[in-house]
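Please look over the sequence and the 3D structure below.

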Amino acid sequence: MDTAVPEPEGDFGPRDWAQHPPYLSPLYKSTVLRSPRKPLIPMKQGLSVRTGPVFGHDSVDALDGDLTKNGRVNGEPIGERIIVTGRVLDESGRPVPHTLLEIWQANACGRYVHRWDQHDAPLDPNFFGAGRCITDAEGRYRFTTIKPGAYPWGNHHNAWRPAHIHFSLFGPSFLTRLVTQMYFPGDPLLPLDPIYNGVPEGARELLISRFSIDVTEPVWALGYEFDIVLRGRQATPMEG
């Protein structure tokens, strides 16, 4: 089945979905139930989808990007502190400034702050697991957080998700919202993960961050770099 997404006609051009994971990936079992079975119908772009979402830049402050602080109740969150930074770029390598990024993740024990997550691992009362920031004039973003743990997810026997951080990018409208995941170098679970391996070969490596000693802060946190490219041959794979 052709899973390419027909883009609506209007202000936003079509996306090349050959770089991105298909809607139907049989080894990722939930896609068998939720993937479309009929041809997708392009929707005409109305004013509401071309102009939203609207948010105030002044509603995002420095604390939002520091997950080691924004969920504190009575102490430090548990786990390995890390810094994740990078740039949002277009297909020509030009920075994309003033873009809203949001992240969410499991805690160091591999558990989300969510009522559906019943993994038998402790919640951290000082870690909320979500944050946001806005790219600067050079398209750069920065988060301080805790390295997430792996967790079981029931897709198949002895299935464990590699450590990862979810990213959401909001462009100038609802149609330009993109979602992806960032992984960590050297994770032994990557070759076993159907979600990671559902990305076309040759593109999935673009989801792996790079360790950076330059970003690392002495006696404080290890640093990782993860650039997000929106289009072109080096486009970061996005979730459908």
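## Two paired strands

Strand E1 covers residues 81–89. In this predicted model, E1 pairs with strand E4 in the antiparallel sense. Seven bridges join the two strands. One link to look for is Thr85, whose bridge partner in E4 is Arg142.

Strand E4 spans residues 140–146. This strand is mostly covered. Of its seven residues, five are buried.

## Leu169 in strand E7

Now move to Leu169. This residue sits in strand E7, residues 164–170. Leu169 counts as buried because its relative accessibility is 3%, and the cut-off for buried is under 20%.

Which residues does Leu169 contact, leaving aside neighbours within four places in sequence? They are Val88, Leu100, Leu101, Thr176, Arg177, Leu178, Ile228 and Leu230. Thr180 lies 11 residues from Leu169 along the chain. The C-alpha atoms of Leu169 and Thr180 are 8.6 Å apart.

## Asp117 in a loop

Asp117 belongs to the loop between strand E2 (100–104) and strand E3 (130–134). Asp117 is buried, yet it has no salt bridge. The nearest side chain of opposite charge is Arg111, 4.4 Å away.

What does the side chain of Asp117 reach at 2.6 Å? It reaches the backbone nitrogen of Tyr112. A polar atom of the Asp117 side chain also lies 3.0 Å from the backbone nitrogen of His119. Not counting residues up to four places away in sequence, Asp117 touches Gly110, Arg111 and Tyr112.

Note on methods. Residues are numbered from 1 along each chain as its sequence is written. This is a predicted model: local features need pLDDT of at least 70, side-chain atom pairs count only at pLDDT 80 or more; totals for chains, interfaces and linings use all residues. Side-chain values use heavy atoms; hydrogens and water are left out. Helices (H or I, at least four residues) and strands (E, at least two) are DSSP runs, numbered from the N terminus. Buried means under 20% relative accessible area, exposed over 50%, partly exposed in between (1.4 Å probe, protein chains only). Contact means heavy atoms within 4.5 Å. Two strands pair if DSSP finds at least two bridges between them. Lys and Arg count as positive and Asp and Glu as negative; His and the chain ends are not counted. A salt bridge is a side-chain nitrogen of Lys or Arg within 4 Å of a carboxyl oxygen of Asp or Glu. A polar contact is a pair of N or O atoms within 3.5 Å; within protein, one must be able to donate a hydrogen and the other to accept it, and residues adjacent in sequence count only if both atoms are side-chain atoms.
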